[in-house]
Amino acid sequence: MKPTLDLANESFRNLKPCVHGADVLEAADKTGRSREDILDFSSSVNPLGPSEKALQAVTAGFGQIPSYPDSCATALREAIASHYTGVTKDNVIVGNGSTELIYLFAEAFMHKGDVALIPAPSFGEYEGAVRKTGQKVRYVKLGKKFQADPERFARAMTGKTKIVYFCNPNNPTSILTPPEKLAQIIQAALDKDTLVFLDEDFLEFVDEGEKLSMINRIKEFPNLFILRSFTKIFGLTGLRIGYGIASEDVVSLLMNAKLPWNVNCLGQAAAVAALNDQEHLQKTLDLIKVEKTFLLGKLKRLRGLKIYAPDANFIFMDTRKTGFTATQLKQKMLSQSVLIRDCTSFAGLDEYYVRVAVKTRQENERLLAAFKQSLDKQV
Ligand SMILES: Cc1ncc(COP(=O)(O)O)c(C=O)c1O
């Protein structure tokens, strides 16, 4: 028999896992510390954790474990739809984390010869999803201050462009693209029979974020798919739940193509309860607002770090004037048990960018102390 890997799907043979933050286990291993000792600023999720009500729903759902979950996640899709105007459950699909939907969308639409456009820098899984289909990615570089130029996107769209991926606010830059600019990109795509996959996973953290969402424009733009997650603001990170909102046609196609029972019963129950706990949501937003201002004020006083004004719950910084690369700074911070995101793995960035989450006051103070200690020796 020939080597087994020769039998594998060609597009699978050269796949490499995408680099992510939140590698707490690896960090603990490297430093000889326990997982609990590492303070993780590399993952930008709700610092308060999930709503108590969501956790209670998980416990209450234990009795459902012996049965299959609702494969269509109907109750959850209805609960999600009820939070938006002009959206019904038939416009909503639920995934095992929003990552599942990034992959499903590429799988459903990328044909042989198609190209996907991805901003650089942006979230790494878009490329992974496209590569898995065996088709090509073309990066569209963001501007000097990491702003998106709709004309540059429009120019990059050719007859082969099937999907434009876009993240708003963007990861890792935390920069928001205003709806007018987004509409220009989506309209240019519509004119060229191209789809737009708009990742709004962090939009709930932005001031008046819902007003900036494109969810209420899915009727105007049938080529638009919007991604949301329960990982970030709702803090249901380990349960793996995300959702997408699009036209009924697109949702129905994806519902038929997805894996059956893709979201487990506990995740579905927790997500419904989380959506209904507006008090926890507001508490989170209030905390992020205060702590972002606090952290920014203090970070600006540290010599050498160039800070990009953040729209989301994480802060993107250029380290070159500190004299350290991102990898070196990450190491220095880790020796004080603080994990930050070295952004070197993002397409379009050099080795001088890091990202940190906004967390609670006590945690933010530990981050600042670790930065001070790491940078004082240099500057
Ligand atoms: C911009 C963005 N989109 C999507 C995801 C995937 O999130 P999840 O699969 O946990 O919903 C992430 C995770 O870091 C992200 O940063």
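How far does a polar side-chain atom of T99 lie from an oxygen atom of the ligand? I looked this up and found 2.6 Å, a polar contact in the sense of a pair of N or O atoms within 3.5 Å (within protein, one must be able to donate a hydrogen and the other to accept it, and residues adjacent in sequence count only if both atoms are side-chain atoms).

**Ground rules.** I note that this is a predicted model, in which local features need pLDDT of at least 70 and side-chain atom pairs count only at pLDDT 80 or more, while totals for chains, interfaces and linings use all residues. Residues are numbered from 1 along each chain as its sequence is written, and side-chain values use heavy atoms, with hydrogens and water left out.

I listed 13 residues around the ligand, with T99, D199, S229, T231 and K232 coming nearest; a residue is counted if one of its heavy atoms lies within 4 Å. Helix α5, residues 97–109, gives the most to this shell, with 3 residues (helices are DSSP runs of H or I, at least four residues, numbered from the N terminus). By class I recorded 3 nonpolar, 6 polar and 4 charged residues in the shell, with Gly among the polar ones by convention.

**Largest pocket.** I found that the ligand takes up space that is the largest pocket, where a pocket is an open set of points on a 1 Å grid over the protein atoms alone, with protein on both sides within 12 Å along at least five of seven lines, and lining residues have an atom within 4 Å of a point. This pocket holds about 1,000 Å³ of space. Of its 46 lining residues, C18, V19, H20, F123 and E125 are closest to its centre. The lining draws at least two residues from each of α1 (10–13), α5 and α6 (125–132), and by class comprises 16 nonpolar, 18 polar and 12 charged residues.

**Cavities.** The largest cavity holds about 60 Å³, and its lining includes P119, L142, F146 and N170. By class, that lining has 7 nonpolar, 3 polar and no charged residues.

Note on methods
1 Å grid on protein atoms, 1.4 Å probe; cavity = no way out; pocket = protein on both sides within 12 Å on 5 of 7 lines; lining within 4 Å. Sits in = over half its atoms within 2 Å of the grid points. Points joined across faces, edges and corners; volume = space filled by probe spheres on them.
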